[in-house]
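Open the model in a viewer and follow the stops below in order. Each stop says what to select and what is found there.

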Amino acid sequence: MTSEGSPAKATGAPPHLFPNYRRLPVAFVRGQGAWLYDEAGRAWLDCTSGIGVTVLGHAHPAVTEAIGRQAAELLHCSNLYRIPQQEELARRLAGLTGLDCAFFCNSGAEANEAAIKLARRYGWLRRGGGAGAAPEIIAFTGSFHGRTLGALAATGQPHYHEGFGPLPAGFRHVPFNDLEAVEAAITPATCAILVEPVQGEGGVVPPAPGFLAGLRELCDRHGLLLIADEVQTGCGRTGTFLAMQGEGVRADVVTLAKALANGVPIGAMLADGRLAEVLGPGTHASTFGGNPLAAAAALATLEVLEREDLPARAATLGAHLRQRLEAVARRHPGCQEVRGRGLMLGLVLDGPAQPVVEACFAEGLLVTVAGGRVVRFLPPLTITAAELDEAVARLERALARAGL
Ligand code: PLP
């Protein structure tokens with residue numbers, strides 16, 4: 001915060017760091033629940049959860065305890081050996097998703113790289129191995145799948161690609177929510193469809209009724225894998241453990257990361273058991289992936305998530321927040337609509353969201369921009385209704401401050 005009353009602007013890069021992040025001028029030293037505390041002791045209401053990560057809120061004692069206990073025993077040993085915590089995590093995720101085979105890595109992009117490799121190799125094996133048409137994956141305009149080259153190539157927002165070519169070939173982008181376009185894009189080379197059930201970075205765009213079920217039907221008809229990128233939507237955020245479950249659709253492959261260990265880096269690719277043999281010994285790996293520390297933190301996170309039924313809480317509190325935001329949108333002509341699922345909500349504006357996000361910052365409320373014109377709310381699933389009301393009150397002051 002620069003000074004009371006003046007919306008803070010992103011500062012220049014700190015020395016010795018690449019200027020690739022537009023950082024706001026604050027450093028947090030402590031967190032508790034939905035609140036962050038800066039060096040001066042000021043409390044900030046966190047409706048970003050570190051971009052969809054801290055689902056249980058900051059400093060959750062169950063995760064803190066699990067990390068401490070595991071760190072004192074064994075941080076890391078390598079996937080050359082059995083890791084009981086990882087096996088237990090895979091078992092638990094299978095129970096939550098119905099996908100009984102897991103690969104662990106360290107981030108969302110890496111989980112998507114694994115899914116892309118799985119799909120390509122599935123296509124290759126289906127053709128009997130050897131040469132043949134290069135496999136293709138259908139993805140969507142407006143999507144975001146990560147910054148590594150494969151995930152970037154899958155990402156359907158060309159501005160992220162600028163200057164990073166040549167990108168891996170084999171991705172075909174079609175408009176989100178357009179089933180006819182998907183069907184028209186399927187060729188004998190197509191091996192999979194990759195979709196975010198609710199587009200996050202693209203602007204919190206929910207699926208049209210029947211769209212995801214339609215993708216499932218196309219995949220069944222053409223023998224394709226349906227891959228759901230649930231890196232942002234997963235782990236209860238949208239009101240069910242997977243957003244796909246809220247739509248009653250089963251994907252063949254699901255990627256998770258962000259919230260899975262409440263802030264300890266981990267990614268996961270979950271798949272139907274029939275795909276297990278596609279990634280035989282030596283085909284894919286990650287040094288850190290699912291190490292004892294990350295797996296223990298994820299197990300503690302899932303334990304709380306299930307015990308407290310936080311997906312249901314996300315649905316209830318999401319309805320509460322949506323109603324409050326809709327009331328705000330009606331009062332401010334610069335606001336168009338509220339959209340999303342559960343506690344993944346976006347307030348769509350007529351113009352750029354950045355000035356509103358900066359005005360929220362001046363009010364001590366942390367939110368992010370998505371898709372240029374959307375103010376995105378991703379609060380912890382443990383936040384209270386009173387805290388959400390406080391967030392909305394701060395947002396409303398920020399909208400006035402930004403002249404909307
Ligand atoms: N997929 C989706 C849907 C995301 O929202 C993100 C990050 O925002 C990613 C993938 C990339 O995740 P990570 O930054 O952990 O690589």
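By class, the lining of the largest cavity has 4 nonpolar, 1 polar and 2 charged residues. Keep in mind throughout that this is a predicted model.

**Stop 1: the cavity**

To see that lining, select Gly123, Arg126, Arg127, Ala133, Pro135, Pro188 and Ala189, which surround the largest cavity. Its volume is about 30 Å³. How many cavities of 30 Å³ or more does the structure hold? The count is 1.

**Stop 2: the largest pocket**

Next, go to the largest pocket, with a volume of about 2000 Å³. Its lining has 47 residues; select Tyr21, Ile51, Arg147, Glu201 and Thr368, the closest of them to the centre of the pocket. Then colour the elements that each supply at least two residues of this lining: the helices α1 (49-52), α4 (108-126) and α11 (354-362), and the strands β13 (365-366) and β14 (368-370). Colouring the lining of the largest pocket by class gives 22 nonpolar, 16 polar and 9 charged residues.

**Stop 3: the second largest pocket**

Move on to the second largest pocket, which holds about 760 Å³ of space. Which residues lie nearest its centre? Select Gln86, Ala102, Phe103, Leu279 and His284, which are among the 29 residues that line the second largest pocket. Two or more lining residues come from each of α3 (84-97), β4 (101-105) and β10 (267-271). Of the elements, β4 gives the most to this lining, with 4 residues. Sorted by class, the second largest pocket is lined by 16 nonpolar, 10 polar and 3 charged residues.

**Stop 4: Thr233**

Finish at a single residue. Select Thr233, in the loop that runs between β8 (225-229) and α8 (243-246). Is Thr233 buried or exposed? Thr233 counts as buried, because its relative accessibility is 1% and buried means under 20%.

Now show the side chains around Thr233. The side chain of Glu230 makes a polar contact with the side chain of Thr233, at 2.8 Å. To see what else touches Thr233, leave aside its neighbours within four places in sequence and select Pro197, Val198, Thr238, Phe241, Ala243 and Met344; Thr233 is in contact with each of these.

Note on methods. Residues numbered from 1 in each chain as written. Predicted model: local features only at pLDDT ≥ 70, side-chain atom pairs only at ≥ 80, totals over all residues. Heavy atoms only, no water. 1 Å grid on protein atoms, 1.4 Å probe; cavity = no way out; pocket = protein on both sides within 12 Å on 5 of 7 lines; lining within 4 Å. Points joined across faces, edges and corners; volume = space filled by probe spheres on them. Nonpolar A, V, L, I, M, F, W, Y, C, P; charged D, E, K, R; others polar. Buried < 20%, exposed > 50% of the residue type's maximum accessible area, 1.4 Å probe, protein only. Polar contact = N/O pair within 3.5 Å; in protein donor to acceptor, adjacent residues only side chain to side chain. Contact = heavy atoms within 4.5 Å.
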